[in-house]
Amino acid sequence: MRHPSAFVRDRFTWLAYIMLGYFAYLQAALGPALPFLRRELNLSYTLGGLHLSAFALGMIAAGLSGAALAAHWGRRALFWGGAAGMGAGALLFVLARQPAFTLAAALLMGYLGTLLLIMVQATLADHHGLRRATALTESNILAMLCAGLAPILLGLLQGTPLGWRAALLLPLAVAGLLALLTWRVPIPAAGARAAATGSARLPRLFWAYWTVLILSVALEWSLVGWGTDFLATSLGFAPATAATWFSLFFLGAVLGRIANSRWTRRFPAPRLLLAMLLVVAAAFPLFWLAPWPWLNLLGLLGAGFGVGGLFPLGLATALTIAAEQSDAASSRVSLGSGVAILLAPFTLGWLADAYDLASAFAVIAVLLVTAIAVTALTNRAT
């Protein structure tokens, strides 16, 4: 554990950052790859969408089993095994020509990739101690950049003889080279309580911040899943133009994470978490309800800025509360994230079918208000 006054990026820190980017890239590539896969295999929208559900189910399964597996096999095995397993799942996804195998590949990527994610979060938190908020926020900057790179490379390579599948093979080559160069880098060991099984009881305050994390993930994925459609159907942008303008959300998220990686050195993560929720509360109504397109887009950028800080700040706060049980805490966070990713966009889409997309966006407002209330009350209790 580092001295509280210092934040040092050593070889393990950079390794963890890059491996989180590897996970984020492959996770983000799955959705944009589905139109190409559906066209080649003649899949329905429902069957195509099941690939994202399979990935989320894998996340849930990893969240349930990750701490116990870490206790039995050790962090090093889960770190590198998860990375290799996610790569194997991506390779199967690329090679498969039957939907049963592509669905199995998505499930494998979700499960083994999330084991890697759990280890990255837990080891960074333990390695940097009281500076975990800075480390987790910085790592998520790279994750966001890699996630944004995935659809760009998919589109570019589809227009070449290599095809869209090459975009999924590229990170496997990078991860393989990184493994050869950094195999001997020590993986931070778990503390005494973190080394126990996943059945260890976590503090009640952890579960309060866990709830905020789940609400934040649900909010983020609802916007990511339906924001472009909202720009097109409710604000009148052409579909291609709407997709371009929605990149403002990702730009705002990157800027938010960069800013918060600096602010965490001066302010406690719980206070910043509440501040970012309030930023979203100010910006989202502009995106949702403003009568002028330029104001909607400004609100989208502001919402991205606030949302970008929510997960890393909430994660850092939750792992600080459960500092001696980081494997179990990180596993439960991944479990909740998988549930949110599985249910939130689906629920919003179901409401949009029943009413309309603009009305369904009220769900996001409810998620936001609830997250602010829980955060404010838990910060006071803390």
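Q: Leaving aside neighbours within four places in sequence, which residues is Ser-222 in contact with?
A: Keep in mind that this is a predicted model, where local features need pLDDT of at least 70, side-chain atom pairs count only at pLDDT 80 or more, and totals for chains, interfaces and linings use all residues. Residues are numbered from 1 along each chain as its sequence is written, and side-chain values use heavy atoms, with hydrogens and water left out. Contact means heavy atoms within 4.5 Å. By that rule, the partners of Ser-222 are Gly-227, Ala-344, Pro-345, Leu-348 and Ile-364.

Q: Is Ser-222 buried or exposed?
A: Ser-222 sits in helix 7 (residues 204-233); helices here are DSSP runs of H or I, at least four residues, numbered from the N terminus. Buried means under 20% relative accessible area, exposed over 50%, partly exposed in between (1.4 Å probe, protein chains only). Ser-222 has 1% relative accessibility, so it counts as buried.

Q: Which residue's backbone oxygen does the side chain of Ser-222 reach?
A: Look within the chain around helix 7 (residues 204-233), where Ser-222 has its place. The gap is 2.7 Å, and the backbone oxygen belongs to Ala-218.

Q: What is the relative accessible area of Arg-131?
A: Arg-131 lies in the loop between helix 4 (99-128) and helix 5 (132-158). Its side chain reaches the backbone oxygen of Arg-265 at 3.4 Å. Arg-131 is buried, because its relative accessible area is 18%.

Q: How far apart in space are Arg-131 and Thr-320, C-alpha to C-alpha?
A: In sequence, Arg-131 and Thr-320 are 189 residues apart. In space, their C-alpha to C-alpha distance is 9.8 Å.

Conventions: Helix = DSSP H or I, 4+ residues; strand = E, 2+ residues; numbered from the N terminus. Polar contact = N/O pair within 3.5 Å; in protein donor to acceptor, adjacent residues only side chain to side chain.
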